[in-house]
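Dear colleague,

Please read them beside the coordinates.

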Amino acid sequence: MGVTAALSNLMQSLTVIVMNQFLLSYGNDKIAAMGIASKVSMIAQLVLVGFSFGSIPLFGYLYGAKKRDVMRKLIRFCLTFLVSIAVVLSLILCLNSGALMQLFVQDAGMIATGAQMLRWQVCTAAFGGVVLLLTVLFQATGKIVPSFLLSISRQGVVFLLALVVCVHLFQYQGVLMAQAVADILSAALALGLLAASRDIIAKQ
């Protein structure tokens, strides 16, 4: 099961490399601004990661004990809680994007560029939270294939496809919106995989 976590980290590194290559033609300042924006957006992402991984023991216990009714209630609660936290964090970071960028750089152009990038990075944090939670749910219940698919989706295959298509359609803006599009598509995939996992959510 640790392979899926390793793949997630590898995909995240690949995402950074590929995005920097797409931004290179727009200037080094864009790459620098994206680096700052990505680090700031990690504030929201790591909070969601912490809450998601904290649910693993509960998911594993309830699944092993075959307490499906409690399991369904826990999944609903965790999804509601995580989405709520993500929305609040997104609003805070979006509304303060310029001020947060100003903590790291003083150039007005880079602040404006980075603020726009940061807003794109965090606007779909709720969808990213859904992907994170359901990934660890599948890991905790021993569902290797679904967890593998989600591990290579949001910051892997789905992101790369979204990046290529968005850049083709919207050029520079497409680079910025690619992660948001990948978050939405990956969340849809995650919910579809959950719906297909009848032994996790089936009524007793």
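The axes are lines fitted to C-alpha atoms, for helices over the stretch in contact, and the angles between N-to-C directions run from 0 to 180 degrees. Helices are DSSP runs of H or I with at least four residues, strands are runs of E with at least two, and both are numbered from the N terminus.

This is a predicted model, in which local features need pLDDT of at least 70 and side-chain atom pairs count only at pLDDT 80 or more, while totals for chains, interfaces and linings use all residues. Residues are numbered from 1 along each chain as its sequence is written, and side-chain values use heavy atoms, with hydrogens and water left out.

Between these two helices, Val40, Ala44, Val47, Leu48, Phe51 and Ser52 of H2 meet Phe81, Leu82, Ile85, Ala86, Leu89 and Leu93 of H4, contact being heavy atoms within 4.5 Å. By class this contact has 11 nonpolar residues, 1 polar and no charged; Ala, Val, Leu, Ile, Met, Phe, Trp, Tyr, Cys and Pro count as nonpolar, Asp, Glu, Lys and Arg as charged, and the others, Gly among them, as polar.

Helix H6 (residues 108-122) also packs against H2 (residues 28-54), with axes that come within 8 Å and cross at roughly 45 degrees, which makes H2 oblique to H6. This crossing, too, is right-handed. The residues that make the contact include Ala33, Ala37 and Val40 of H2 and Gly114, Met117 and Leu118 of H6, and the contact as a whole divides into 9 nonpolar, 5 polar and 2 charged residues.

H4 (residues 68-95) and H6 pack at an angle of about 170 degrees, with their axes 9 Å apart, and that makes H4 roughly antiparallel to H6. Here Ser90, Leu93 and Cys94 of H4 meet Leu118, Arg119 and Val122 of H6.

H2 gives the largest share of the lining, 10 residues, and by class the lining has 10 nonpolar, 12 polar and 3 charged residues.

The second largest pocket has a volume of about 370 Å³, and of its 19 lining residues Ser8, Asn9, Gln45, Val49 and Leu132 are the closest to its centre. H1, H2, H7 and helix H8 (144-151) each supply at least two residues of this lining.

A pocket is an open set of points on a 1 Å grid over the protein atoms alone where a 1.4 Å probe fits, with protein on both sides within 12 Å along at least five of seven lines, and lining residues have an atom within 4 Å of a point. Grid points are joined across faces, edges and corners, and a volume is the space filled by probe spheres set on the points.

With best regards

Methods:
Parallel < 35°, antiparallel > 145°, perpendicular 65-115°, else oblique. Left-handed = near helix turned anticlockwise from the far one by under 90°.
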